[in-house]
Amino acid sequence: MKIEIWSDVMCPFCYIGKNNFEQALEQLPFKDEVEVEWKSFQLDPTLDPLKPQNTIEYFKEKKGFPAEQAAQMIGQVAQMGKGSGIDFDFEKALIINTFNAHKLLHLAKKYGKANEMEEALFKAHFTDGKNVGDIEELISLADHLGIDKDEAKQALVSDEFDYEINQDIQEAKNNGISSVPFFVLNGKYAVSGAQPAEVFADALQQTYKETVSPFKDLSQEELHVIRITAVFKF
């Protein structure tokens, strides 16, 4: 069963959603049958990749929120994060253009390490106060996950993964996805937002029951016939 997740590194609800989704999946007997694919999305592609801002500044200047209101909102999200096991440190978090971070995510995907990279990027941004737009910081994250530093640098300074990132973003637009996190469950159902673990569990079980269970006992020949039939239906 395939789960596609559109997400952005600087989205706190994406981090919460990831944790809640993983907590739900861990409880399910078919967890080893689930393939997760992380997709790129940018909440604010207009951000300068060379000029990081702190969170309060960003909400004041970009969103027009008074500092007090911004601080209150951030506090509420931090409290929400604690319920999912995340220690947000918004005072250290640096708001920056995340396109470079998405390059690293796609490089990690090449080695089957996208989930680990997504977690590393979230932690770097929200907990450690790292600049996830900075080339050297990102190379360090790649190295920590066992990805060659020179390959990481090449991916980050080139347009090697630009097409894949833009394709993810365009696919989101084509599907009417305007906010993240956004989860597509085996091409049948969608879950939007940082839902509680029990919501994810229910959605995953329903999707598995409808899209996987009916076909588990079929032979490869029967599955092949079903695939051919599905193709010719279009």
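Trainee: How much accessible surface does the protein chain have, and what share of it belongs to carbon and sulfur atoms?
Mentor: This is a predicted model, in which local features need pLDDT of at least 70 and side-chain atom pairs count only at pLDDT 80 or more, while totals for chains, interfaces and linings use all residues. Residues are numbered from 1 along each chain as its sequence is written, and side-chain values use heavy atoms, with hydrogens and water left out. Accessible areas come from the Shrake-Rupley method with a 1.4 Å probe, and for residues only the protein chains shown count as cover. On that basis the accessible surface of the protein chain comes to about 12,600 Å², and the share belonging to carbon and sulfur atoms is 51%.

Trainee: What part of the 234 residues is buried?
Mentor: A residue is called buried under 20% relative accessible area, exposed over 50%, and partly exposed in between, with a 1.4 Å probe and protein chains only. Cys 11, at 2% relative accessibility, therefore counts as buried, and Cys 14 is buried with a relative accessible area of 2%. Over the 234 residues of the protein chain, the buried part is 46%.

Trainee: How many disulfides are there?
Mentor: A disulfide is defined as a pair of cysteine sulfur atoms within 2.5 Å. By this rule the count of disulfides is zero.

Trainee: Is Asp 44 buried or exposed?
Mentor: Asp 44 is found in the loop between β2 (35-40) and β3 (53-54), where strands (E, at least two residues) and helices (H or I, at least four) are DSSP runs numbered from the N terminus. Contact means heavy atoms within 4.5 Å, and, not counting residues up to four places away in sequence, Asp 44 touches Met 10, Tyr 58, Lys 62 and Asn 97. Its relative accessible area is 8%, so Asp 44 is buried.

Trainee: In which strand does Tyr 189 lie?
Mentor: Leaving aside neighbours within four places in sequence, Tyr 189 is in contact with Phe 183, Val 184, Gln 206, Thr 207 and Glu 210. With a relative accessible area of 33%, Tyr 189 is partly exposed. The strand that holds Tyr 189 covers residues 189-192 and is β6.

Trainee: How far apart are the C-alpha atoms of Tyr 189 and Leu 43?
Mentor: Along the chain, Tyr 189 and Leu 43 are 146 residues apart.
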